[in-house]
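Subject: Structure handover and notes

Hello,

Here is the structure I said I would pass on. My notes follow below it.

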Amino acid sequence: PARHAYIAIDIGASSGRVILGQLAAGRVELEVLHRFPNAVVPQGGSLHWDIGFLHAQMLTGLGLAAARARDLGVEIASIGIDTWAVDYGLLRDGELLGDPFAYRDPRTENVIESVHRLVSREQLYRINGLQFLPFNTIYQLACEPELRGLRALLVPDLLAYLLTGAMRTEETNASTTGLLDAATGRFSGQLAAALGLDPGLFGELIAPGQVYGQLLPGIAAGTGLGPGTPVVAVGSHDTASAVLAVPAEPGTDFAYISSGTWSLVGLELDAPVLGDAAREANFTNERGVDSTIRFLRNVGGLWLLQESLRQWQLGADSLPGLLKAATAWEDNGARIDADSQEFLAPGSMADRIRAAAGRRGPDGAWVHLDPGAEPAAVVRCILESLAQAYARALRTATELTGCVPERIHVVGGGSQNSLLCQLTANATGLPVFAGPVEATALGNVLVQARAAGEVPGTLGDLRAVVARSMPVTEYLPAAPARHRGAGDA
Ligand code: LFR
């Protein structure tokens, strides 16, 4: 029989890719076959995702993957899809009613209080264990003028529906809606009733490894993929797939930072932590693959950098030069609060950062970052502030759980940012193990390979495959710069 290959469709807030994954000699090999940009699109005064565009890119990628598999003489065993969380499309009689709202749209501002009048913040957290983010699905749903008779599908489930015609809701991503009971991982009837939502709005839950359905005949024919190719549920929440692919050794107490548009900073636990202290610290209990709990905080992330580049009209190819300049830039102590929701919306990011960044001067007064500050100064301020926010989040996670991590695994695009990795090691005092960059796609492929019986079962087994497959760079904490001797200069 032909060797198996798996197609991972991995779409983030700023780009998407279609990747062919194969296992050989106990390692995964990834080949990126198609890359495309993604961005929030303003439409009639609100922010949306362009599903038509993503659908078309997905089909292009599938066609390229089918052709590549033929060249290699391998058989596509399945397709898996992951994207960001929280956002959904609404359907009536199987027809998508419009492009999904993007979570950075501020529309929920006016409904948050009314939702909390139906279920208090305290009660909500005791049930769903979710950190408060203004864009959580429950608040978005409260903005919908009408839900009666409609089905909602989260973005990866919507894309799977477009490929297969099957409507299912994958459970790791479902946990970000705010409608699940964190203790059971099932939809909470109590919450649905309190919020006046039809418990069937999202329909049947499926777990990673289960099948949505097979490719629609027209899609199989159009892309050249075999009829009957299944679309398998993976950790369809990108963060669930990324944390699955943390190359941690069994038995080590590790923290992770899934570093992309967002930085998701936290610990992996067996059971949710639902007390008042966790709620007040705004820690979330999201579900991972194999019913793990990701106890984490959302920190602003590389969005701050991506949006600054956009303001400066610089492409991603300018990033290496800019990071070099930021590394050489002498830190002047200017900081922003990378956790702050003031940076959620798109637009003139560098200006907003310059305005917000400051430090206490010797007389205790607030000194702003020079409004004319060079890009290098702004970038340095962003990365220093992120590292500071990571350290704060991990200290809090330790206080709340008693787990003391001995190392930090950084996965995703940000693992390539060596200045950020070094600053993270410095700020936390912990060694940072950076990589793999494509953790999300690896997690996606591994769940498919496990479903096909090609890799063994446990999370530890899958992580061992990752550790064998991809290089990791280690950063050790350095003494703060001001304590360095003159001889180091
Ligand atoms: C990361 C991520 C985060 C989620 C945010 C919004 O890509 O999925 O986990 O909080 O995007 O969906």
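Is L195 buried, exposed or partly exposed, going by the other C-beta atoms within 10 Å? L195 has 17 other C-beta atoms within that distance, so it counts as partly exposed. Please keep in mind that this is a predicted model.

L195 belongs to helix α7, which covers residues 189-195. Leaving out residues up to four places away in sequence, L195 touches L118, V119 and I138. C381 lies 186 residues from L195 along the chain, and the two C-alpha atoms are separated by 42 Å.

A66 sits in helix α1, residues 51-72. A66 has 20 C-beta neighbours inside 10 Å and therefore counts as buried, the cut-off for buried being 20 or more. Again without residues up to four places away in sequence, A66 is in contact with I76, T223, G224 and L225. From A66 to G52 the separation is 14 residues in sequence and 21 Å between C-alpha atoms.

Next, the ligand. There are 13 residues around the ligand, and W84, A85, V86, T239 and W262 come nearest. By type, the shell consists of six nonpolar residues, six polar residues and one charged residue.

V86 also has a backbone feature to note. Its phi is near 75 degrees, which is positive although V86 is not a glycine. Most residues other than glycine have a negative phi. V86 is in the loop between β6 (74-83) and β7 (88-92), and it is buried because 23 other C-beta atoms lie within 10 Å.

D290 likewise has a positive phi, near 60 degrees, in a residue other than glycine. The loop that holds D290 runs between β16 (284-287) and β17 (293-299). D290 has 18 C-beta neighbours inside 10 Å and so counts as partly exposed.

P436 is in the loop between β21 (432-434) and α16 (439-451).

The rest concerns helix packing. Helices α13 (residues 349-356) and α14 (residues 375-401) have axes 10 Å apart and meet at an angle of about 70 degrees. They are therefore roughly perpendicular to each other. On the α13 side the contact is made by A350, I353 and R354, and on the α14 side by V378, C381 and I382. Five of these contact residues are nonpolar, none is polar and one is charged.

α14 also packs on α15 (residues 418-428), at an angle of about 40 degrees and with the axes 8 Å apart. That pair is therefore oblique, and the crossing of α14 and α15 is right-handed. From α14 the contact takes in L383, E384, L386, A387, Q388, Y390, A391 and L394, and from α15 it takes in L419, L420, L423, T424, N426, A427 and T428. The contact of α14 with α15 divides into ten nonpolar residues, four polar and one charged.

Helix α11 (residues 303-311) has W303, L304, L305, Q306, E307 and S308 as its buried residues. Both α13 and α14 are among what covers them. Just after α11, Q313 takes a positive phi of about 55 degrees.

Regards

How values were computed: Residues are numbered from 1 along each chain as its sequence is written. This is a predicted model: local features need pLDDT of at least 70, side-chain atom pairs count only at pLDDT 80 or more; totals for chains, interfaces and linings use all residues. A residue is near a molecule or strand if its C-beta atom, placed from the backbone, lies within 6 Å of it. Ala, Val, Leu, Ile, Met, Phe, Trp, Tyr, Cys and Pro count as nonpolar, Asp, Glu, Lys and Arg as charged, and the others, Gly among them, as polar. Axes are lines fitted to C-alpha atoms, for helices over the stretch in contact, and angles run from 0 to 180 degrees between N-to-C directions. Helices (H or I, at least four residues) and strands (E, at least two) are DSSP runs, numbered from the N terminus. Angles under 35 degrees count as roughly parallel, over 145 as roughly antiparallel, 65 to 115 as roughly perpendicular and the rest as oblique. Two residues are in contact if their C-beta atoms, placed from the backbone, lie within 7 Å. A residue is buried if 20 or more other C-beta atoms lie within 10 Å of its own, exposed if 12 or fewer, and partly exposed in between; C-beta atoms are placed from the backbone. A crossing is left-handed if the near helix is turned anticlockwise from the far one by less than a right angle, and right-handed if clockwise.
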